[in-house]
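This short report walks through one protein chain, from its overall fold to the pairings between its side chains. Please keep the sequence and the model in view while reading.

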Amino acid sequence: MAESVSCYATLCELAGLPAPSTDGVSLAPLLRDPQTPIAGEAVSAFPRRVDGVDVLGRSLRNARFRYVEWRRQDTGAVLARELYDYTADPAETANLVSDPAQAPVVAGLAARLSATWPAGGVTVDDR
């Protein structure tokens, strides 16, 4: 997994420039040796407008799952959630968030997403 925020740190390292403190980590070691282990999760955000409401999709992705929360940007209220299992469904055709068997996965990923990116009146710039 790699986050786009890591591009800056990676380019700085490859160019031999000092990188200012950012959330990203350099992926240069991975480019030099594809077997280099890197972080197992990545977060992302996607803003959109739904029925006149600004909504932000916050996503946590690991090797097996992608968990998404769609939240109102003004209040942070969750409008929808998604869970996809890339082992069984790499095309993301089945949202498993309501499957009782997946409740522990949903709870764990939701907790990690919340710890990474607290909710409540969120915007893209909050991260």
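The protein chain contains three helices and four strands, where helices (H or I, at least four residues) and strands (E, at least two) are DSSP runs numbered from the N terminus. Along the sequence these elements follow the pattern α-α-β-β-β-β-α. This is a predicted model, in which local features need pLDDT of at least 70 and side-chain atom pairs count only at pLDDT 80 or more, while totals for chains, interfaces and linings use all residues. Residues are numbered from 1 along each chain as its sequence is written, and side-chain values use heavy atoms, with hydrogens and water left out.

Of the 127 residues in the protein chain, 31% are buried; buried means under 20% relative accessible area, exposed means over 50%, and partly exposed lies in between (1.4 Å probe, protein chains only).

The structure holds eight salt bridges, a salt bridge being a side-chain nitrogen of Lys or Arg within 4 Å of a carboxyl oxygen of Asp or Glu.

| Pair | N to O distance |
|---|---|
| Arg32 and Glu13 | 3.1 Å |
| Arg112 and Glu41 | 2.6 Å |
| Arg49 and Asp54 | 2.6 Å |

Arg32 counts as exposed at 54% relative accessibility, whereas Glu13, at 33%, is partly exposed.

The salt bridge between Arg112 and Glu41 links distant parts of the chain, with Arg112 in helix 3 (residues 103-116) and Glu41 in strand 1 (residues 41-50), 71 residues apart. Arg112 is partly exposed, with a relative accessible area of 36%, and Glu41 is partly exposed at 30%. In the remaining pair of the table, Arg49 is exposed at 56% and Asp54 is partly exposed at 39%. Elsewhere, a network of salt bridges links Arg58, Glu69 and Arg71.

Arg48 lies over the face of Trp70, at 3.9 Å from the ring centre, and Arg61 lies over the face of Tyr86, at 3.6 Å from the ring centre.

Key
Lys NZ or Arg CZ within 6 Å of the ring centre and 35° of its normal.
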